[in-house]
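Hi,

Here is the structure I promised to pass on.

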Amino acid sequence: MNTRLKFTVYLITTMVGAQCLAVTKASAQTKKTAVHHTVTKTVTHKPSAADLAQGKALFTKSDCLTCHKMDVKLVGPAYYDVAKKYPATDANYEMLANKVIAGGSGVWGQVAMAPHPALAHADAKKIVEYILSLKPVKS
Ligand code: HEC
């Protein structure tokens, strides 16, 4: 191989190599964006201290404590058990707020929870956010 040919081969190799590197970098970046996107989508909105205080006030004012206690099962499940069963996610806030409004049975037993049609959806959600934030003193 003469020097000129060698140089050409060297040039081609370098260019192809650089391009490969660029493609690899680009795909790595795409992957990163994709992962980031997924994480953003599953992030749960975190209730503020004010939200939780409001939730607690609404909860105390409502009839919830006639059927539920914090630490033992009454007519309905103990709230500590509810908090243990459901992670604090948007999907669970939504599902349980709807359940509190509609009432229903079958998850903890055959006894039904009374519906709360007068409760606004936003208020029910705040109450549920408060309940799911509860940490039992003893497990
Ligand atoms: C008449 C009694 C009664 C009242 C009043 C009541 N509950 Fe319940 N609650 C129940 C029963 C019974 C269950 C179990 C339902 C089941 O097994 O699906 C339950 C279940 C729940 C659950 C768990 C639901 C699930 O699907 O896991 C939440 C959260 C809850 N109650 C919140 C509340 C809130 C908040 C209030 C007040 C606004 C309230 N409850 C008032 C009886 C009651």
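Below is what turned up, starting with the overall fold and moving on to the ligand, the pocket and a few residues.

Two things before you start. This is a predicted model, where local features need pLDDT of at least 70 and side-chain atom pairs count only at pLDDT 80 or more, while totals for chains, interfaces and linings use all residues. Residues are numbered from 1 along each chain as its sequence is written, and side-chain values use heavy atoms, with hydrogens and water left out.

The fold first. The protein chain has six helices and zero strands, and along the sequence that reads α-α-α-α-α-α. Helices (H or I, at least four residues) and strands (E, at least two) are DSSP runs, numbered from the N terminus. Of the 139 residues in the chain, 23% are buried. Buried here means under 20% relative accessible area, exposed means over 50%, and partly exposed is in between (1.4 Å probe, protein chains only).

Now the ligand. Which residues come nearest to it? They are Cys64, Cys67, His68, Tyr86 and Met113, out of 28 residues around the ligand. To count as near, a residue needs one of its heavy atoms within 4 Å of the molecule. Helices H3 (64-67), H4 (79-85), H5 (90-102) and H6 (121-132) each supply at least two residues of this shell. By class, the shell has 17 nonpolar, nine polar and two charged residues. In this scheme Ala, Val, Leu, Ile, Met, Phe, Trp, Tyr, Cys and Pro are nonpolar, Asp, Glu, Lys and Arg are charged, and the others, Gly among them, are polar.

Look for some polar contacts too (pairs of N or O atoms within 3.5 Å; within protein, one must be able to donate a hydrogen and the other to accept it, and residues adjacent in sequence count only if both atoms are side-chain atoms). Tyr86 has a polar side-chain atom 2.5 Å from an oxygen atom of the ligand. With Val107, a polar backbone atom is 3.0 Å from a ligand oxygen, and with Gly106 a backbone N or O atom is 3.3 Å from one.

Where does the ligand sit? The space it takes is the largest pocket. A molecule sits in a pocket or cavity if more than half of its atoms lie within 2 Å of its grid points. On a 1 Å grid over the protein atoms alone, a cavity is a set of points where a 1.4 Å probe fits but cannot get out, and a pocket is an open set with protein on both sides within 12 Å along at least five of seven lines; lining residues have an atom within 4 Å of a point.

This pocket has a volume of about 580 Å³, the space filled by probe spheres set on the points, which are joined across faces, edges and corners. Its lining has 33 residues, with His68, Gly76, Pro77, Lys99 and Met113 nearest the centre. H5 gives the largest share of the lining, four residues. The lining divides into 20 nonpolar, ten polar and three charged residues.

- Lys99 lies in helix H5 and is partly exposed because its relative accessible area is 22%.
- His121 is in helix H6 and, at 31% relative accessibility, is partly exposed.
- Lys135 is in the segment after H6 and counts as exposed, at 64%. Its C-alpha atom is 6.8 Å from that of Tyr80, 55 residues apart along the chain.

Cheers
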